[in-house]
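Me: Here is a protein chain to read together. Let us go through it by question and reply.

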Amino acid sequence: MTRPASRDGGKTPDTAGGTLEAFREESDAFIGALAELPMSAWDRRTRCDPWQVRDVVAHVITVLARVPDMIAAPAPARPDTTATDYYRADHRFSDTANADRIRMSQQRAAVRDATSLVQDLTVTAQSVITHCRQEPIGRIVETRHGDAMLLPEFLSTRIVELAVHGLDVADAAGRRPWLTTAAAEHLQRLLFGPDWLTSVTALGWDAVTLVRKTTGRGPVTAQEDAELRRRGLRRLTLG
């Protein structure tokens, strides 16, 4: 498979501290890495049981595709949920909701080959960028779970999906992680709050290790867990 060219030669305009730019960089990195995977890698099992690599990619396409639809819908009057609060442990991560995620992703993956999945992700990510560029920073959207969120806050959750599932795919395919600096810093800010740089510096881990340990993708000792809590980690519930 040939790696597709970047979808945007210039810089994406700033959206709430570079959220849109971080999304663009991470989606470009994800797409570029997928384009270089051998065909055999697409059928490998991931830690997101029972998904194979192709199912994880299909899931990412599905969750990104919701952004343009949300923008097209009427805007709620006021926001009531942040990106961190969005990942709370409620009905959205119930057995029923998780079964629905599995089914939808497997259905999408079953009717697409690897080349088509890369193309679908490319088109979907570009659609997200195009639609978000046309909206004011204060635009509010409603999620499928009924949350009212500022658009940059919801876009932050899509960066989480790209970054975390990018690690899942990289690990399953035996590839070096492609986590971008922009996405890593965005996640660190989301996980540790305004004083994230102090917390991250004190922990002393590289960006990939930090994301692994804070999202359940890597082992954490009891001492490390205590230190993460002391440093103000805001844990996310991930499906």
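This is a predicted model: local features need pLDDT of at least 70, side-chain atom pairs count only at pLDDT 80 or more; totals for chains, interfaces and linings use all residues.

Reply: Residues are numbered from 1 along each chain as its sequence is written, and side-chain values use heavy atoms, with hydrogens and water left out.

Me: How many disulfides does a search of the whole structure find?

Reply: A disulfide is a covalent bond between the sulfur atoms of two cysteines. The test here is a pair of cysteine sulfur atoms within 2.5 Å. Searching the whole structure gives a count of 0.

Me: Is Cys 132 buried or exposed?

Reply: Buried means under 20% relative accessible area, exposed over 50%, and partly exposed in between, with a 1.4 Å probe and protein chains only. Cys 132 has 5% relative accessibility, so this residue counts as buried.

Me: Which Trp does Val 169 touch?

Reply: Contact means heavy atoms within 4.5 Å. Residues up to four places away in sequence are not counted. The list for Val 169 includes Phe 30, Leu 34, Val 57 and, as its Trp, Trp 178.

Me: How many charged residues are in the lining of the largest cavity?

Reply: On a 1 Å grid over the protein atoms alone, a cavity is a set of points where a 1.4 Å probe fits but cannot get out, and lining residues have an atom within 4 Å of a point. The largest cavity holds about 240 Å³ of space, and 21 residues line it, with His 59 and Glu 161 among those nearest its centre. Asp, Glu, Lys and Arg count as charged, Ala, Val, Leu, Ile, Met, Phe, Trp, Tyr, Cys and Pro as nonpolar, and the others, Gly among them, as polar. By class, the lining has 8 nonpolar and 6 polar residues, and the charged count is 7.

Me: Is His 165 buried or exposed?

Reply: His 165 sits in helix α6. Its contacts include Phe 30, Cys 48, Trp 51 and Arg 217. Its relative accessible area is 5%, so His 165 is buried.

Me: What is the relative accessible area of Arg 175?

Reply: Arg 175 lies in the loop between α6 and α7. Beyond its sequence neighbours within four places, Arg 175 contacts Glu 36, Leu 37, Pro 38 and Ala 170. Arg 175 is partly exposed because its value is 37%.

Me: How far apart in space are Ala 183 and Glu 21?

Reply: Ala 183 is in helix α7. In sequence, Ala 183 and Glu 21 are 162 residues apart. From C-alpha to C-alpha, the separation is 8.9 Å.

Me: Is the peptide bond from Asp 49 to Pro 50 cis or trans?

Reply: Most peptide bonds are trans. Pro 50 is in the loop between α1 and α2. With omega near 10°, the bond from Asp 49 to Pro 50 is cis.

Notes: On a 1 Å grid over the protein atoms alone, a cavity is a set of points where a 1.4 Å probe fits but cannot get out, and a pocket is an open set with protein on both sides within 12 Å along at least five of seven lines; lining residues have an atom within 4 Å of a point. Grid points are joined across faces, edges and corners, and a volume is the space filled by probe spheres set on the points. Helices (H or I, at least four residues) and strands (E, at least two) are DSSP runs, numbered from the N terminus.
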